[in-house]
Amino acid sequence: MNRKLVPLVLFFALLTSGQSASAYVLVTDVDDTIKVTHVRDVVDRTVRFFTEPQSFAGMDLLYKRMLNSQPHGEFAVVSGAPRAVQMAVQWFLVAFGFPAPSYLQTREMFEDTALFKIKAI
């Protein structure tokens, strides 16, 4: 299987302040993780963004089950998309049945994507 198509999901367990219980935060990217984008192909990425949004099959259900399996589960989205299209990222999440994120960050237009994600997470 092509490793580029395998969704990457990051998990972080954070201790809640003042309690012995732990909170569970599911952190995800959007492009080529839950959304089929082909980010390395500029033309294909642009066409898909505006005309053919497509989710990886079953990711919405997987995320819902993972979050529902924890008493204090939260969903965080850190997208390399520019902030100018943040509403489109939110629309995608709603349209394809993903949980509502408690945290959604997109990068500034000319900000380095990798550095942005490291800082945001």
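Where is threonine 37 placed? Select it first: threonine 37 sits in the loop between β2 (22–28) and α1 (42–51), where helices (H or I, at least four residues) and strands (E, at least two) are DSSP runs numbered from the N terminus. Before going further, note that this is a predicted model, in which local features need pLDDT of at least 70 and side-chain atom pairs count only at pLDDT 80 or more, while totals for chains, interfaces and linings use all residues. Residues are numbered from 1 along each chain as its sequence is written, and side-chain values use heavy atoms, with hydrogens and water left out.

Now select aspartate 32, which is found in the loop between β2 and α1. Although aspartate 32 is not a glycine, its phi is positive, at about 60°.

**The salt bridges**

How many salt bridges does a search of the whole structure find? The search finds three, a salt bridge being a side-chain nitrogen of Lys or Arg within 4 Å of a carboxyl oxygen of Asp or Glu.

Select aspartate 29 and lysine 117, which form a salt bridge with their closest N and O atoms 3.0 Å apart. This pair links distant parts of the chain, since aspartate 29 is in the loop between β2 and α1 and lysine 117 is in helix α4 (residues 113–120), 88 residues apart. Aspartate 29 counts as buried because its relative accessible area is 17%, whereas lysine 117, at 22%, counts as partly exposed.

Arginine 83 is partly exposed at 33% relative accessible area, and glutamate 108 is partly exposed at 42%.

Then select glutamate 111 and lysine 119, where the side chains meet in a salt bridge of 3.2 Å, N to O. Glutamate 111, at 22% relative accessibility, is partly exposed, while lysine 119, at 64%, is exposed.

**The nonpolar cores**

In soluble globular proteins, nonpolar side chains tend to be buried together. A nonpolar core is a set of buried Ala, Val, Leu, Ile, Met, Phe, Trp, Tyr and Cys residues joined through side-chain atoms within 4.5 Å. To see the largest one, which has 18 residues, select Leu26, Ile34, Tyr63, Phe75, Leu93 and Phe98, the residues with the most contacts inside it. The elements giving two or more residues to this core are β2, α2 (59–68), β3 and α3, and the largest share, four residues, comes from α2.

Centre the view on isoleucine 34, which touches Thr28, Asp29, Gln54, Ser55, Phe56, Met59, Tyr63, Phe92, Leu93 and Phe98, not counting residues up to four places away in sequence; contact means heavy atoms within 4.5 Å.

**Strand β3 and its partner**

Select β3, in which eight of the 10 residues are buried, so that the strand is largely enclosed by the rest of the structure. Strands β3 and β4 run parallel and are joined by five bridges, two strands being paired if DSSP finds at least two bridges between them. Within this pairing, valine 77 stands opposite leucine 104 in β4.

**The whole chain**

Zoom out to finish: the protein has four helices and four strands, following the pattern β-β-α-α-β-α-β-α along the sequence.

Terms used:
Buried means under 20% relative accessible area, exposed over 50%, partly exposed in between (1.4 Å probe, protein chains only).
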